[in-house]
Amino acid sequence: MAQETRVLLEKLGTPDLLTVKGYRAAGGYQSLEKALKEMTPERIIEEVKKSSLQGRGGAAFPTGMKWSFIPKNSPKPVYLCCNADESEPGTCKDRVIIDENPHLLIEGMLISCFAIGSHMGYIYIRGEFHRGAQILMMAIEEARREGLIGKNILGSGFDCELEVYRGAGAYICGEETGLLTSLEGQKGYPRNKPPFPAISGLYNSPTIINNVETLAAVPSIIERGGDWFKSMGSEKSTGTKLLCLSGHVNKPGVYEVVLGQMTLREFIMDFGGGIPGGRKIKGVIPGGSSMPVMRDEDLDVKLTYEDIHAAGSSLGSGAIIVMDETVDMVEMCLLLAHFYEHESCGQCTPCREGTRWFVQVVDAILKGEGHPGDCDLLLDICRSEFTSICPLWVAAVWPVRAFVTKFREEFEEKIRNGKYGKKDQPAAMAMAG
Amino acid sequence: MPSMRETCPEKVEDILRRFPQRKSASIPLLYLAWEVYGYVSPEAMEEIAEILGTSPADVEGIASFYTMFPLKPLGKHHIEVCTNISCHLVGAQPLMSHLENRLGIKSGERTEDGRFSLQSVECLAACAWAPCLHVNGKEYQKVTAENVDELLNSLD
């Protein structure tokens, strides 16, 4: 049976971990010292590139490569923004780091700032994390008192400030450019790319945006080397990954695993302790609500970014949501459609109107007021997926398309048995109508 | 009602000092207004506009964009129930219905005595400890229709 491999969560449970003293006693801040005193920024970026660390927020972009996009000798200040907006339904991993080991994130941010030539890092944390924001602010304050933040950190000559910025309830601010406009004090409207944030981000300055889990992986890479990190996992899914297991499992939780050691089904059954009541699985969303749902028969796929991608979905943020055989997939589709309708910022017509249209059509089907042809209508709306400024519209399209495609029989049955269904005709004919 | 610059000038100044560009202070100032007045009042938004050198309409646009900012007074105990997928799968709907029945209000409303307000919200990132709700921002995990009365009774 597969086991957890704890790197990011390794120190959890050691005493006083929320304090600098406790974190140091557990070996913390040694990587920062090593980075500032024994390494150059270029060396750090090389090491992170060597590790093949990919962004843990959902898009899985290579971190070292992202860092290398920062222009050299920029006349403008360079910013690092930590994306702690953790809002993708099903995802609850970053908060474990924030709540239980905040100095790991701070250490990761300081090393990353040094690597990209930044002297100012912002942690954009979702407003609902009241406690997390408090913990981070206290940790930053203490680190500043201990000479770990501010001027001449650890006597190295490197200056760096960190600041917490609280969001206030907007999923769109987890999108990196929405995060930046929000941090600039505006409505969190995403911006067109290019220019990419590495060239023109926060306050039109070069900016790197990294997820909490990504930044928290940096100290271990500095401590043990990129080769060590890469030695874990598969070719394209290196290191460890925090997985959030929720829904219909006996033991939901956040687990840190090496990818490639087990299948998706083994993870669900072993770590999740099986399905309540011994029921069967109907579907699994493997990477947060935006990722296409998978059917039970497709779950024997290796748990890596590349294998799940090849199976037509994505590991995304690492949020695995399990739905058992009692679940009404039309209802789930509506619930997610509602979410994206609520969270669309309204800038782009396809997203603003499309998310609403999804809700109207799926709601009608669920109420027994769907029309034959509605499934094709939904799939037709999905065709405009790449027509918006940011990926929120894509994120709304993928679940709807997947639910309709993979559980079409449930949608058609509701239409058939509803007010406008042609009850005396076989499904195929009703669909054609 | 005294302004924020009258009641807590040092907090306003501290917020303004934290950012290289003044406008970034808008969201922290809206939080401060919420803290000072119990909600984000029209007068507070006018004051924030003045501080930032922008229009009240601009500030109201920002305040209403972010769902957390209350534009009207909340109950003494503001209950936010996650109704998104992971909570939904393990009983958020019965929990919400129970709260609506027990409190006699729907989502978005406040009880007549002002003690409770109720709001269904999107994912609160407590998916592995679902169902989840917040009371005045404090998180409670694994709350169900069966055990929520205990929590309600513990609130004064």
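Colleague: I would like to learn how to read burial first, so does A:G247 count as buried or exposed, and why?

Modeller: Burial is a matter of cut-offs, in that buried means under 20% relative accessible area, exposed over 50% and partly exposed in between, taken with a 1.4 Å probe and with protein chains only. A:G247 counts as buried because its relative accessibility is 9%. Before we go further, please keep in mind that this is a predicted model, in which local features need pLDDT of at least 70 and side-chain atom pairs count only at pLDDT 80 or more, whereas totals for chains, interfaces and linings use all residues. Residues are numbered from 1 along each chain as its sequence is written, chains are lettered from A and ligands numbered from 1 in the order in which they are written, and side-chain values use heavy atoms, with hydrogens and water left out.

Colleague: Where is the place of A:G247 in chain A, and which residues does A:G247 touch?

Modeller: The place of A:G247 is in strand β5 of chain A; helices (H or I, at least four residues) and strands (E, at least two) are DSSP runs, numbered from the N terminus. If residues up to four places away in sequence are not counted, A:G247 touches A:V322 in its own chain and B:L89 and B:V90 in chain B, contact meaning heavy atoms within 4.5 Å. From A:G247 to A:K367 there are 120 residues in sequence and 24 Å in space, C-alpha to C-alpha.

Colleague: In what sense do strand β5 and β6(A) pair, and over how many bridges?

Modeller: Two strands pair if DSSP finds at least two bridges between them. Strand β5 (residues 240-247) of chain A pairs with β6(A) in the antiparallel sense, over six bridges, and a hairpin of five residues joins β5(A) to β6(A).

Colleague: How should I read the two faces of β6(A), and which residues lie on each side?

Modeller: In a regular strand the side chains alternate between the two faces of the sheet. Here A:G253, A:Y255 and A:V257 are on one side of β6(A), A:V254, A:E256 and A:V258 are on the other, and both faces are covered. Strand β6 (residues 253-258) of chain A is thus mostly covered, with six of its six residues buried.

Colleague: Why is strand β4 described as largely enclosed, and in what sense does it pair with strand β1?

Modeller: Five of the five residues of strand β4 (residues 207-211) of chain A are buried, so the strand is largely enclosed by the rest of the structure. A:T207, A:I209 and A:N211 point one way, while A:I208 and A:N210 point the other way. Strand β1 (residues 79-84) of chain A pairs with β4(A) in the parallel sense over five bridges, and A:Y79 stands opposite A:T207.

Colleague: What about the backbone, and which residues does a cis peptide bond join here?

Modeller: Omega is the angle to look at: it is about -5 degrees at the cis peptide bond between A:K193 and A:P194, and about 5 degrees at the cis peptide bond between A:P194 and A:P195. A:P194 is in the loop between α8 (176-183) and β4 of chain A.

Colleague: Where is B:A125 found, and what is its phi?

Modeller: B:A125, which is not a glycine, has a positive phi of about 60 degrees, and it is found in the loop between β2 (116-121) and β3 (133-135) of chain B. In chain A, phi of A:Y29, again a residue other than glycine, is near 70 degrees, and A:Y29 lies in the loop between α1 (20-25) and α2 (30-38). B:A125 counts as buried at 0% relative accessibility, and A:Y29 does so at 1%.

Colleague: Finally, how many residues does the contact take from chain A and from chain B?

Modeller: The size of an interface is often given as the accessible area lost when the parts come together. The contact takes 56 residues from chain A and 36 from chain B, and the buried area is about 3,600 Å², of which carbon and sulfur atoms give 62%; this is the accessible area (1.4 Å probe) that the two parts lose on being put together, summed over both. On the chain A side, A:R95, A:A168 and A:Y203 lose the most area to chain B, together 16% of what that side buries. Chain B itself has eight helices and four strands, and buried residues make up 54% of its 156 residues.
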